[in-house]
Amino acid sequence: MLDKRYPAEPFRIKSVEPVTMINREQREEVVKKAGYNTFLIDSKDVYIDLLTDSGTNAMSDRQWAGIMVGDEAYAGSRNFYHLQETVQELFGFKHIVPTHQGRGAENILSHIAIKPGQYVPGNMYFTTTRYHQEANGGIFKDIIIDDAHDSIKYHPFKGNIDLNKLQALIDEKGPEGIAYVCLAVTVNLAGGQPVSIENMKAVRALCNKHGIRVFYDATRCVENAYFIKEREEGYADKSIKDIVHEMFSYADGCTMSGKKDCLTNIGGFLCMNDDDLFLEAKELVVVYEGMPSYGGMAGRDMEAMAIGLKESIQEEYIEHRIKQVRYLGDRLLEAGVPIVEPIGGHAVFLDARRFCPHLTQEELPAQALAARIYLESGVRTMERGIVSAGRDKNTGKNHAPKLELVRLTIPRRVYTYAHMDIVAESIIDLYKNKESIRGLRFIYEPKMLRFFTARFEEI
Ligand SMILES: *Cc1c(COP(=O)(O)O)cnc(C)c1O
């Protein structure tokens, strides 16, 4: 690892967790038993786990030390004040409501900020986010730029909102027909693609003109900040901390999953500046989560999160994070494996349409590819395509997203470049033999968020 493009790990290893690989025969049994759904495979049967970057972070020695100073008081825990102070300083919002994880914050925000029948435009959807919006009577509307739906086209900020689409929705429904704009940084389902400061500013200006609120899905905001530093004019010499702060200065609040950029394993929070909205959020948090000073988190978890947030904005950390993901993507690209470009912040996405051109979308190519990667290598990945997109609530028909992807999500501070090499080499081998990948069909299909527990068989 002497290539300067890919900095070595900015940490040394103090504690290890052994992993082992079961043999191919055993993996064949495992994948059949799991109904070809990688979510249903047991962790013990996985060699390298790239299912998600959610809650899979490795904590630092300081965070573990923080665990020991957890104040588990039912009310007014000192760790809450540490977390509140940290979030206020980094994000700049007035109020914070802790929740058990990101979707807890989404549930509360959707309850208090959406009136039934109102639209919630967003830069692509996220599964739980859209679920809560729709469950509260909201209508999701995708207003991301068209380029985001193209897996090959280069755009430095593929997560940007298309201002013309937003303007058209305002013209059609009126400002009162819009609950708020939901702006995700980065955009998970587009491949971890960032949003530029310029776009955030423009969205803010347009929404100000019409009195519409803007809430960010802040889940991977630090990764987004790194791309701004790398790609946006005028930001190369700014600190990640300042960029994060500026990003949130264009929002009225945010929902945050603690399981990603906060470098912890559980938790989340909701932020806002508005005092009245905060009061409503506090009334709901006691119903769904817990006291406003813990909201579903243990004191020790809030402490680890406060420390993790401070570590996440360290320059060496975030540079290595983004570049380790890029390393895996670059290796696949060099071998001609079709992936989403440019390479995003938290994951490399295989383009299953181009990987498996012999399968139709109804044959669930991304699901089939994810199952096959596990069988070949013990590497666990996840489908992000027609299965994840679910069915239209009204027509009952499958949403057919343009992007049919398999996500190789890299946990933070967990794996080394050597692990990335193993992953790259097994996928390159499979690509040479891609015609042998068979399509799948549902044998069990849950009504909601079906991808988590659905079962399949080979066609
Ligand atoms: C993970 C995630 C969420 C939901 O957060 P949880 O902590 O898993 O509930 C919301 N938005 C995005 C973009 C995410 O990746």
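Visitor: Which atoms of Arg103 lie 2.8 Å from an oxygen atom of the ligand, backbone or side-chain ones?
Guide: Backbone. An N or O atom in the backbone of Arg103 sits 2.8 Å from a ligand oxygen. Bear in mind that this is a predicted model.

Visitor: OK. What about Gln101, and how far is it from an oxygen atom of the ligand?
Guide: For Gln101 the atom is a polar one in the side chain, and the distance to a ligand oxygen is 3.0 Å. Asn188 also uses its side chain: an N or O atom there is 3.0 Å from an oxygen of the ligand.

Visitor: How much of the ligand's accessible area does the protein cover?
Guide: 97% of it. On its own, the ligand has 370 Å² of accessible area.

Visitor: Which elements give two or more residues to the shell around the ligand?
Guide: Helix H4 (102-113) and helix H5 (127-135). H4 gives the most, with three residues.

Visitor: And which residues come nearest?
Guide: There are 14 residues around the ligand. Gly102, Arg103, Asp217, Ser257 and Lys260 come nearest.

Visitor: What does the shell look like by class?
Guide: Seven polar residues, six charged and one nonpolar.

Visitor: Switching topic. How is the protein divided?
Guide: Into domain 1 (24-53 + 315-458) and domain 2 (61-312). Domain 1 is written as two stretches, 24-53 and 315-458. The C-alpha centres of the domains are 26 Å apart.

Visitor: How many residues are in contact between domain 1 and domain 2?
Guide: 35 residues of domain 1 contact 38 residues of domain 2.

Visitor: And how much area do they bury between them?
Guide: About 2,900 Å². Carbon and sulfur atoms account for 54% of that.

Visitor: Now the backbone. Is the peptide bond from Val185 to Thr186 cis or trans?
Guide: Cis, with omega near -15°. Thr186 is in the loop between strand E5 (181-184) and helix H7 (197-210). For background, most peptide bonds are trans.

Visitor: What joins Glu341 and Pro342?
Guide: A cis peptide bond, with omega about -10°. Pro342 lies in the loop that runs between helix H12 (315-334) and strand E9 (347-351).

Visitor: Last one. Is phi of Arg413 positive or negative?
Guide: Positive, near 65°, and Arg413 is not a glycine. Most residues other than glycine have a negative phi.

Visitor: Where is the place of Arg413?
Guide: In a loop, between strand E12 (405-409) and helix H16 (417-431).

Note on methods:
Residues numbered from 1 in each chain as written. Predicted model: local features only at pLDDT ≥ 70, side-chain atom pairs only at ≥ 80, totals over all residues. Heavy atoms only, no water. Near = heavy atom within 4 Å. Polar contact = N/O pair within 3.5 Å; in protein donor to acceptor, adjacent residues only side chain to side chain. Areas by Shrake-Rupley, 256 points an atom, 1.4 Å probe, with all protein chains shown as cover. Helix = DSSP H or I, 4+ residues; strand = E, 2+ residues; numbered from the N terminus. Nonpolar A, V, L, I, M, F, W, Y, C, P; charged D, E, K, R; others polar. Domains from an automatic or database assignment. Contact = heavy atoms within 4.5 Å. Buried area = accessible area lost by both parts, 1.4 Å probe.
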